[in-house]
Amino acid sequence: QVHLVESGGGLVQAGGSLRLSCAASGSAFSANDMAWYRKAQGKRRELVSVITTSGSTHYADSVKGRFTISRDNAKTMLYLQMNSLKPEDTAVYYCNLPGALSGRTVFPWGQGTQVTVSS
């Protein structure tokens with residue numbers, strides 16, 4: 001079983017940057033594609049970015065060119081570098097397997113990390 005712990009969120013002004021981290025326990029991390037999600041208040045959880053086991057990356061149109069996903073398999077860590085932040089990026093950010101929105105089995109959700117972008 002993989003245990004996920006997200007960190008790195010905070011309050012930042014529009015245009016600022018944050019780097020989110022996701023610490024994953026368990027040996028299954030390196031064998032799986034991983035993803036970042038976010039859930040804004042009153043909205044559904046949305047997929048932000050995916051990184052495959054080979055390092056290929058995919059981004060939601062809303063964050064393309066501003067966010068960068070990366071992983072360190074040796075440390076079982078997932079990262080999300082967020083630049084040029086906008087107020088609409090405000091949400092709780094979570095890491096997990098990419099299939100959550102299609103009903104596929106995912107790891108137990110972590111507590112998430114709150115990102116608040118002020119205008």
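Author: Let's start with burial: a residue is buried under 20% relative accessible area, exposed over 50%, and partly exposed in between (1.4 Å probe, protein chains only). Trp109 has 32% relative accessibility, so it counts as partly exposed. Bear in mind that this is a predicted model, where local features need pLDDT of at least 70 and side-chain atom pairs count only at pLDDT 80 or more, while totals for chains, interfaces and linings use all residues. Residues are numbered from 1 along each chain as its sequence is written, and side-chain values use heavy atoms, with hydrogens and water left out.

Reader: What makes Cys22 and Cys95 a disulfide?

Author: The cut-off is a pair of cysteine sulfur atoms within 2.5 Å. In Cys22 and Cys95 the sulfur atoms sit 1.9 Å apart, so the pair qualifies. A search of the whole structure finds one disulfide.

Reader: Why is the disulfide of Cys22 and Cys95 called right-handed?

Author: It comes down to the torsion about the S-S bond, which is about 60° for Cys22 and Cys95, so the disulfide is right-handed. The pair also links distant parts of the chain, with Cys22 in strand S3 (residues 18-24) and Cys95 in strand S9 (residues 91-96), 73 residues apart. Strands here are DSSP runs (E, at least two residues), numbered from the N terminus. Both cysteines, Cys22 and Cys95, are buried.

Reader: On to charges. How do you know that Glu46 forms a salt bridge with Arg38?

Author: You need a side-chain nitrogen of Lys or Arg within 4 Å of a carboxyl oxygen of Asp or Glu. For Glu46 and Arg38 the closest N and O atoms are 2.7 Å apart, so the pair passes. Four salt bridges turn up in a search of the whole structure. Another of them is Lys64 with Asp61, whose closest N and O atoms are 3.1 Å apart.

Reader: How many aromatic pairs does the search find, and why is the pair of Tyr37 and Trp109 called edge-to-face?

Author: The whole-structure search finds two. The ring centres of Tyr37 and Trp109 are 5.4 Å apart and their planes stand at 75°, so the pair is edge-to-face. The rule is that rings of Phe, Tyr and Trp (its six-membered ring) pair if their centres lie within 6.5 Å, with planes under 30 degrees apart called stacked, over 60 edge-to-face and the rest tilted. Tyr37 lies in strand S4 (residues 34-39) and Trp109 in the loop between S9 and strand S10 (113-118), so this pair ties together parts that are 72 residues apart in sequence. At 0% relative accessibility, Tyr37 counts as buried. Tyr94 and Trp109 pair edge-to-face too, at 5.7 Å centre to centre and 80° between the planes. Tyr94 is buried, with a relative accessible area of 14%. Ring pairs link Tyr37, Tyr94 and Trp109 into a cluster.

Reader: Last one: what makes S1 and S3 paired strands?

Author: Two strands pair if DSSP finds at least two bridges between them. Four bridges join S1 to S3, so these antiparallel strands count as a pair. One example is Val5, whose bridge partner in S3 is Ala23.
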